[in-house]
Amino acid sequence: MGCALAYQLAKRNVDVVLLERATLGSQSTGKCAGGVRQQFSMEANVRLQRMSVRMFENFEFETGHPADFRQIGYLFVLTLPQHIEDFRHNVEMWQRVGLTEARWVDPDEAARMVPALNVEDVLGCTFCPSDGIASPADVTAGYVSSARRHGARLKEGVEVTGIDLAGGRVQGVRTSAGDIATRLLFNCAGAWASSIGRMAGLEIPVLPYRRQVAVTGTFPTVPRTNPMTVDFQTSFYFHPEGDGVLMGMSDRSEPPGYVTEVNWDFLEKMFVQAERRAPPLAGAGIKTAWAGLYETTRDHQAILGPVPELEGFWCAAGFSGHGFMQAPAAALLLTQLLLDQRSEVDISPFAFTRFAKGSLVHEKNVI
Ligand SMILES: Cc1cc2nc3c(=O)[nH]c(=O)nc-3n(C[C@H](O)[C@H](O)[C@H](O)COP(=O)(O)OP(=O)(O)OC[C@H]3O[C@@H](n4cnc5c(N)ncnc54)[C@H](O)[C@@H]3O)c2cc1C
């Protein structure tokens, strides 16, 4: 998020310093599964994502760097009557907002699309062919080099340790490498966004949740064209990764925390689910696994824009597990809001003020 924003701001001649205490793209972004989709339950997310998908499509033209965006589609596999009902509303809304390529797929067609899929208990699926997967490392690298080309200063190994305030506004940041005077800061600290908020006396409601993925060796039963497949009831998903398969599932019972060791006991549970939904995966050897953090808000929506209590404090955080795919559009729209006082897609549903108002609309299509 920070790299995308540094690029968009620098392109509009804003003097940008990006501070990263570790290395760029090493935290949630570097651990992410690379999924890019538009099939959300909240209209604002669909509109945002339609824009992001166009930006992923044009990424190489825009930055000179490939995004490795492969539009293999996302297949949502539905096994509960309630989810069929919810997705009926989703499909109507998707058509209304112009996501006309998203459609229902019956179990037989789903089995043809995804040869490994067990469709015995499947009631229906939705498929959007313009969804897909991209490379987080490539996208980060593209934004980093483009931001620097436009004059942004991106500093690694520099930690933000404090925020100077006076007169009800931001005056500067303190860092492990000295103080920097600024009247504007963006909190792009991912799973650590709340700690940046505390430095300014603000409660930014973002909690860290461990999420894990495992990758197999070569596995031709899931070909390179296999859609990203999501078993919506359990959150188990898989997509082709190189010549193998990447699988993930959310441990919905795990409390928030910053632990990022792999929990093999939970992965065993994931493999049981993998075998149930896609039986051939039982024979796929695991090559590697890792864990990273989701940065989750109460309504599973990002926090985008100014925090009115403190002038000069803006948020681009709380993406709740869909920040890689949302960062391109979010960065452009935040830049427009800052410099033009309006954005071409309305991002007011993501305003920080919704928490105080209690007007939370939950994004339901969360994996
Ligand atoms: C296993 C897994 C799978 C995922 N799959 C997907 C997916 O398929 N699609 C998708 O869109 N999203 C996915 N996500 C979510 C996605 O990774 C995040 O939403 C996204 O990367 C958030 O980007 P970010 O830039 O906000 O956070 P990060 O990439 O974590 O960047 C925040 C940075 O802030 C730095 N920082 C924190 N505190 C400080 C400080 N005090 N000073 C300086 N620097 C600081 C951190 O070091 C970090 O590098 C997945 C996440 C995980 C863990």
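Predicted model: local features only at pLDDT ≥ 70, side-chain atom pairs only at ≥ 80, totals over all residues.
View 1. Residues are numbered from 1 along each chain as its sequence is written, and hydrogens and water are left out of the side-chain values, which use heavy atoms. Local features need pLDDT of at least 70 and side-chain atom pairs count only at pLDDT 80 or more, whereas totals for chains, interfaces and linings use all residues.

**View 2. Residues closest to the ligand.** The ligand is surrounded by 32 residues, and the closest are Glu 20, Thr 29, Gly 35, Glu 295 and Met 325.

View 3. A polar side-chain atom of Glu 20 lies 2.5 Å from a ligand oxygen atom, while a backbone N or O atom of Val 160 lies 2.9 Å from a ligand nitrogen atom. For Gly 321, a backbone N or O atom is placed 3.1 Å from a nitrogen atom of the ligand.

**View 4. The second largest pocket.** About 310 Å³ of space lies in this pocket, a volume filled by probe spheres set on grid points joined across faces, edges and corners. A pocket here is an open set of points on a 1 Å grid where a 1.4 Å probe fits, with protein on both sides within 12 Å along at least five of seven lines, and lining residues have an atom within 4 Å of a point. Of the 20 lining residues, Tyr 209, Arg 211, Thr 296, Thr 297 and His 300 lie nearest its centre.

Definitions and conventions
Near = heavy atom within 4 Å. Polar contact = N/O pair within 3.5 Å; in protein donor to acceptor, adjacent residues only side chain to side chain.
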